[in-house]
Amino acid sequence: MSSLPLVNIVIKNAKIFNNGEPAIIEDIAIADGKIIARGNNLDTENAGRVIDGTGKWLMPGFFDIHTHYDLELEFAPGLPESLRHGTTSVVIANCSLGLAFGNQRSGDIDPIVDCFARVENLPKSFLRSCAEKVTWDSPKAYLEHLEQLNLGPNVIALVPHSMLRIDAMGFDNSISRNPSDNELHTMQTKLGDALKLGYAGFSTDALPFHYLANQPNCEKTIPTQFAKYGEIKKLTQVVREHGAVWQATPPKDSAINTIKTFLLTSGRLHKRPLRTTVVAALDVANNWKILRLAKLLAKVLNSKLVQGDFHLQALGAPFKVWSDGAVTPLSEEIPELRQLNETNLEDRSARLSILNNPEYIKRFRAMWLKGKQGWGLAKLKRILNIEDYAFNRKLSDMTVEGCPIHHWVGLNMQDLLDRIIAIKSGNIPSDISEQEQDIINRDFFWVSDEADFMLQLLRTFDLDLSWSTVTANRNPETTRELLMNPLLMPGFNDCGAHLTNMAFYDVNLRSLKLASSGGDQDITYIVKRLTKDAADLFGVKAGTINQGDIADLILVDPAQLANYDGEANVIRQHRTEYNHEQLVNRSDGVVPLVMIGGHIAWENDTFSSELATKPMGRLLKASAA
């Protein structure tokens with residue numbers, strides 16, 4: 001039996017998964033925030049507390065490598081909705097958006113509101129209150145600010161390209177033209193200086209879903225999307241020179257531009273590989289080619305010929321997206337739905353005016369029925385399952401999640417349409433309510449096809465209608481294959497964004513569950529991917545539980561994990577910090593313990609009273625700095 005100095009906590013007899021090493025049952029001792037011993041039969045005489053880990057898995061805390069927690073950190077730095085599921089480190093400032101350059105307000109221009117509101121589906125009132133709290137105006141001051149917060153999970157910061165562009169060019173210029181030579185030089189210098197300070201890398205964005213939120217710019221995308229290849233090449237060269245990471249999204253509608261852009265990872269073409277991580281590898285329901293092309297791209301870019309360092313991010317769950325009326329991030333790719341998203345959330349009358357416009361009705365019907373009627377290229381693409389839209393327009397795949405007519409909840413849209421048509425025809429079901437009968441007689445009497453049906457649903461219920469669809473990752477076996485692919489990284493959870501559209505706070509747990517079907521060997525693999533490999537990708541020292549390491553660790557109950565159903569444990573709650581509803585996950589019982597910096601943050605389904613009142617986590621600076 002080993003003798004130990006005075007220790008805070010000893011965890012006994014847990015099965016430890018760490019850094020790809022074979023699983024082993026050991027004790028682990030923590031004092032002063034660090035792991036001071038590991039082994040069998042550690043002495044507990046001087047321990048302040050002993051925790052029985054028998055039958056539990058002990059592992060480093062999970063990394064979430066793609067979040068939008070920049071704003072929540074200002075109001076709830078404990079990040080409770082991720083922490084409760086075992087996440088102890090988060091990467092912020094993804095998709096080119098962040099707070100590194102302050103609020104950047106100028107006159108009527110408010111970039112935090114303009115850039116974040118539609119991209120992350122956050123209330124403008126919350127965004128304005130965030131901007132008002134900002135007191136810094138430089139990347140250095142922002143890191144100093146983060147170090148003063150009572151962090152729950154550790155934080156890794158990226159330099160956001162949209163905000164870098166605004167800083168160097170001004171807001172209007174950043175969304176209208178290329179930078180001058182002096183402006184580009186300024187961006188290169190400021191990016192390099194930030195990487196020297198400890199920023200882990202640089203984030204850009206090219207997804208065609210990301211639009212500005214205020215007039216007169218609602219039809220324009222965020223600043224990063226105005227950058228041409230030459231600008232991206234020069235800025236990523238700075239990232240390459242500093243040994244940092246480039247986080248990006250693919251230009252979805254152009255395979256050629258995707259390949260050209262991501263060849264920037266190549267060591268053969270650019271003398272040194274550029275660490276690159278990209279959202280996202282998904283098994284898209286509407287287009288089987290995307291998954292095949294994504295895996296091929298990863299294989300080619302990481303080949304000996306190209307010598308890249310390229311990591312697609314794979315989501316370890318069905319890509320289920322909720323919509324409030326037409327408000328959903330996937331609507332942004334379709335002009336007719338995007339037009340509804342351009343209105344303020346509170347402005348129901350503006351959306352109703354659009355929905356009643358004869359020209360709009362004509363365009364909406366053409367969009368909704370594209371490929372569903374007649375013959376032509378669109379019909380052929382639909383038959384072959386290679387549609388252009390990620391948005392799923394199949395009614396039987398769309399489920400009503402919330403509605404003033406309560407017994408419509410749980411029906412898919414096709415069954416609902418069939419029900420309405422039957423009632424119109426006089427086939428009255430026994431469970432019909434007076435409310436349903438009145439609404440159908442008043443609003444749906446004219447409906448003859450599914451395009452009419454969708455238009456009228458949006459008119460009648462607006463945001464009071466909540467519905468969901470799974471647009472990708474429907475097959476668990478395919479999702480598992482993606483997670484276990486060594487060329488891909490588990491990630492793309494988008495936590496902190498899309499409050500009523502997504503709920504992926506527990507996806508690291510879901511990834512662990514998918515891998516666990518392969519036994520200890522696969523558990524060992526996925527734990528390393530979710531911890532040490534993620535830390536290495538972002539160049540920070542973390543992700544292991546060796547002697548001398550800071551104690552960021554979790555316990556997992558394998559029996560509870562085996563029975564856990566992430567899809568069935570999504571709830572909608574009011575979140576005080578946002579003064580808004582939010583979809584969140586509940587995995588109570590699965591993670592009995594979360595420890596960050598030696599502090600117990602979550603235990604037996606209860607948050608510590610110290611969470612967000614004293615610092616537990618820390619700012620993780622890139623080791624290259």
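Reply: Leaving aside neighbours within four places in sequence, N154 is in contact with T88, S89, V90, D552, I596, G617, R618 and L620 (contact: heavy atoms within 4.5 Å). The model is predicted, so local features need pLDDT of at least 70 and side-chain atom pairs pLDDT 80 or more, whereas totals for chains, interfaces and linings use all residues. Residues are numbered from 1 along each chain as its sequence is written, and side-chain values use heavy atoms, without hydrogens and water.

N154 belongs to strand β8, which covers residues 154–160 (helices, H or I of at least four residues, and strands, E of at least two, are DSSP runs numbered from the N terminus). Because its relative accessibility is 0%, N154 counts as buried (buried is under 20% relative accessible area, exposed over 50%, partly exposed in between, with a 1.4 Å probe and protein chains only). One of the residues in contact with N154 is D552, and the side chains of N154 and D552 make a polar contact at 3.0 Å (N or O atoms within 3.5 Å, one able to donate a hydrogen and the other to accept it; residues adjacent in sequence count only through side-chain atoms on both sides).

The charged pairs come next. The count of salt bridges is 37 (a side-chain nitrogen of Lys or Arg within 4 Å of a carboxyl oxygen of Asp or Glu). One of them joins R419 to E436, with the closest N and O atoms 2.7 Å apart. R419 is in helix α16 (residues 413–424) and E436 in helix α17 (residues 434–443), so this pair ties together parts that are 17 residues apart in sequence. Both R419 and E436 are buried.

Another salt bridge links R510 with E567, where the closest N and O atoms are 2.5 Å apart. R510 sits in helix α20 (residues 507–516), while E567 sits in the loop between α23 (558–562) and β18 (570–575), so parts 57 residues apart in sequence are tied together. With a relative accessibility of 8%, R510 counts as buried, whereas E567, at 28%, is partly exposed.

E581 and R572 also meet through their side chains in a salt bridge, at 3.0 Å from N to O. E581 counts as partly exposed because its relative accessibility is 31%, and R572 is likewise partly exposed, at 38%.

Beyond its neighbours within four places in sequence, L71 is in contact with L99, I112, F116, L122, F126, L127 and C130.

Finally, helix α19 (residues 476–484) has T478, T479, L482, L483 and M484 buried. At the start of α19, a side-chain oxygen of N475 comes to within 2.9 Å of the backbone nitrogen of E477.
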